[in-house]
Amino acid sequence: MYTSPIPMRRAHLGDALASEWTKIRSVRSTMWTLGVMILLMLGIGLASAAVVASADTTELSPDEALSFGFFGVLLGTICVITLGVLTIASEYGTGMIRTTMTACSSRSRVLAAKAIVFFALVFVLTTVLAALVAVLQVGILGVDSPGGSAWFKATVGVGLFVALLGLVGLGVGTLVRHSAGAITIMIGVVLLPLVLALFMFSESLKDLQQALFEYSIPSQLAVLYDTSVAGASGPSGWDPLWIMGVIAAVALGGAFLTLNNRDV
């Protein structure tokens, strides 16, 4: 009886994580999407601070100095949701998903590994970039260092929010299984509520308009910079993270359910 010299053991989540880490760091979509995100966050964040510093304006408060990072992060979210979708939808497009599911028969383990690797990568990168931009903006504007709570929300809070939004993209990509369609849906989720609210002039739509202003992605992101697109109402403090966490949980829950009940 032949005995293989290669030691045999049952595969586990760690193997799936190693596989997904190899994939995400070796494909070109990761380099392009995150590379553009880095340029947007650094370029727009520092450019906006430089423009304000060169203008003859009233003195800014330390917390207001951090808010100029908002614009670069908002555009950077488009790159993150694109990568979130491509993390799984690209495999459906190329047919590679069949090989993935053959190598790992547990579909839930595959999706869990993709979600963990993607979340960790985006969270770390976004947090580091947000912190770097914040430090440089404070230096450019010449203001005192903001308080610890403001720093934490504008760095770690922003990193968590963007990573959770990317997980929504991963969930939608799993549900739709088509890169272009899922990316279009996600861009609509990010931008459409705010755009619709801007064009609601009817008095009968005031309540709906206010709700769209308050709960749109740009508005919730702005809350983490202690600013608001919708005025004093709507989410405040750490509320945007809880809201985005629930949305990500629903999207991933639907993704896990459909992945286990549909053919690849």
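**Figure 1. Overall view of the chain.** The accessible surface of the chain comes to about 13200 Å², and carbon and sulfur atoms hold 69% of it. The model shown is predicted. The chain contains 11 helices and 0 strands, giving the pattern α-α-α-α-α-α-α-α-α-α-α along the sequence. Its C-alpha trace spans about 85 × 45 × 25 Å along the principal axes. Of the 264 residues, 44% count as buried. Among contacts with a separation of 6 or more, 79% join residues 24 or more positions apart.

**Figure 2. The largest nonpolar core.** This core has 65 residues, and Leu 167 and Leu 221 have the most contacts inside it. Helix H7, which covers residues 148-176, gives the most to this core, with 13 residues.

Figure 3. Ile 187, Leu 191, Leu 192, Val 195, Leu 196, Leu 198, Phe 199 and Phe 201 make a nonpolar surface patch of about 770 Å². Leu 196, one of these residues, lies in helix H8, residues 179-198. Leu 196 has a relative accessible area of 41% and is therefore partly exposed. In soluble globular proteins, by contrast, nonpolar side chains tend to be buried together.

Technical notes. Residues are numbered from 1 along each chain as its sequence is written. This is a predicted model: local features need pLDDT of at least 70, side-chain atom pairs count only at pLDDT 80 or more; totals for chains, interfaces and linings use all residues. Side-chain values use heavy atoms; hydrogens and water are left out. Patches are made of residues with over 30% relative accessible area and no salt bridge: like charges are joined within 9 Å, nonpolar side chains (Val, Leu, Ile, Met, Phe, Trp, Tyr) within 5 Å. Accessible areas come from the Shrake-Rupley method with a 1.4 Å probe; for residues, only the protein chains shown count as cover. A salt bridge is a side-chain nitrogen of Lys or Arg within 4 Å of a carboxyl oxygen of Asp or Glu. Helices (H or I, at least four residues) and strands (E, at least two) are DSSP runs, numbered from the N terminus. Buried means under 20% relative accessible area, exposed over 50%, partly exposed in between (1.4 Å probe, protein chains only). A nonpolar core is a set of buried Ala, Val, Leu, Ile, Met, Phe, Trp, Tyr and Cys residues joined through side-chain atoms within 4.5 Å. Contact means heavy atoms within 4.5 Å.
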